[in-house]
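Me: Got a model open here. Can we walk through it, starting with what counts as a pocket?

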Amino acid sequence: MDIQDQQRLNPPRKSRTGRAGIPALGIFVILFSLLLACTDSRPPDMAVDPATYVDPFIGTANGGNTFPGAVLPFGMVQWSPETTRGDATRRPAPGGYQYDATTIRGFALTHLSGTGCRGASGDVPFFPHLGEVTSSPSADFQDRIYASRFSHANEVAEPGYYQVRFSNGVNSELTASARTGSARFTYPSGAPANLLIRTSDSEVGSGDAYVEIDPATRTISGWVSRGNFCGYLDPVIRHDYYTLHFVAVFDQPFTAAGSWENEVLYPGKTSARGGTTYGDDGYPVPELGSGGYVTFGDGSALTTVNVRVGISYVSQENAWANLEVENPQGTSFETLKASAFQKWNETLRAIEIGGGSEA
């Protein structure tokens, strides 16, 4: 066997430097360095306040049946607007709020989200009215007098907080604890500042209701018995399911007060009783119902009114107890608002989010 045959059978081993003369270990180091350069092992920055990324208006259009008002996680108070289109049928949106309806007839203390059917909650609407109260709000069935228009440009909704400024200049702010709420109503000068408590006007009416005004203690209290959830679909549902008790304490004195029963207004009378009933079609009967109103000054100056409200599905005493425990005298609106935001953050932090863009 000559030398060439030996070389074919036993070819010389390649150098460990590789084809380009770079050691194989060097190639590994370069590839590993490139991999490290492409991989950031640091965790992404997590959202400190996840509640700031929540938009409560999501679901308030296109049949979502949600509400944008103030509520805590699993809270019993859901203080939110009741919108209206101002027609004789008064068919409320399930949840009480419809984004394309730009008139508000009150801020009710209770709501349910995503119900589909009309008639869940919407109990005891508060309505800040700029001007004299000269007729029964129950007689204003098309919401021509005791309702106000607004623009979404003047509306804010955040977890635990809601704010809207009416076209007439009245500004309303709402916040909540689990079983109480606080509101701040600011009235411009030029007309008397009034607040209506539409006790009987739950989302699709009530069987009975009662309100009592105590000027000496700046307090309004009462209850509403109601039900009728989906009642327009079947007569068997048109009855009361529960009674909601409430108490509201104001920080400003009442310069006047009154009430109404059905279509009759009673200036100076500090109590009223009566529900709207549910009618033959499952909707409130026009001109039936009751409520009360209070006045704060003559409108000669800007007026700001704060109110704390407690509710209970058990008794009037429990409504008072809830208010004293969760929202006692001296608790500012800003304090309760900050607490609500913090509780939403605590709940939302059960799942951490981070990375990506701010959007």
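Predicted model: local features only at pLDDT ≥ 70, side-chain atom pairs only at ≥ 80, totals over all residues.

Me: How much space lies in the largest pocket?
Reply: About 310 Å³.

Me: Which residues are closest to its centre?
Reply: Val249, Phe250, Arg308, Gln329 and Gly330. The lining has 19 residues.

Me: And which elements give two or more residues to that lining?
Reply: Two or more residues each come from β8 (180-187), β12 (240-250), β17 (303-312) and α3 (316-326).

Me: What's the lining like by class?
Reply: Eight residues are nonpolar, seven polar and four charged.

Me: Let's look at α3. Which of its residues are buried?
Reply: Gln316, Ala319, Asn322 and Leu323. They span an arc of only 120 degrees around the axis, so they sit on the same side of α3.

Me: Why would residues spaced like that line up?
Reply: An α-helix has 3.6 residues a turn, so residues three or four places apart point the same way.

Me: What do the buried ones pack against?
Reply: The buried residues of α3 pack against β8, β11 (219-227), β12 and β17.

Me: What's exposed on the face turned away?
Reply: Glu317, Glu324 and Val325.

Me: Take Leu195. What does it touch?
Reply: Leaving out residues up to four places away in sequence, Leu195 touches Phe126, Phe127, Pro128, Phe185, Tyr187, Phe250, Gly292, Tyr293, Val294 and Phe296.

Me: Zooming out, how many helices and strands are there?
Reply: Four helices and 17 strands. Of the 359 residues, 48% count as buried. Among contacts between residues at least 6 apart in sequence, 69% join residues at least 24 apart.

Me: Backbone next. Where is phi positive in a residue other than glycine?
Reply: Asn65 is one of these, with phi near 60 degrees. Asn65 is in the loop between α2 (24-38) and β1 (70-71). Another is Asn262, with phi near 55 degrees. Asn262 lies in the loop between β13 (256-261) and β14 (264-267).

Me: Is Asn65 buried or exposed?
Reply: Buried, because its relative accessibility is 12% and the cut-off is under 20%.

Me: And what about Asn262?
Reply: Asn262 is partly exposed, with a relative accessible area of 27%.

Conventions:
Residues numbered from 1 in each chain as written. Heavy atoms only, no water. Contact = heavy atoms within 4.5 Å. 1 Å grid on protein atoms, 1.4 Å probe; cavity = no way out; pocket = protein on both sides within 12 Å on 5 of 7 lines; lining within 4 Å. Points joined across faces, edges and corners; volume = space filled by probe spheres on them. Nonpolar A, V, L, I, M, F, W, Y, C, P; charged D, E, K, R; others polar. Buried < 20%, exposed > 50% of the residue type's maximum accessible area, 1.4 Å probe, protein only. Arc of directions from axis to C-beta.
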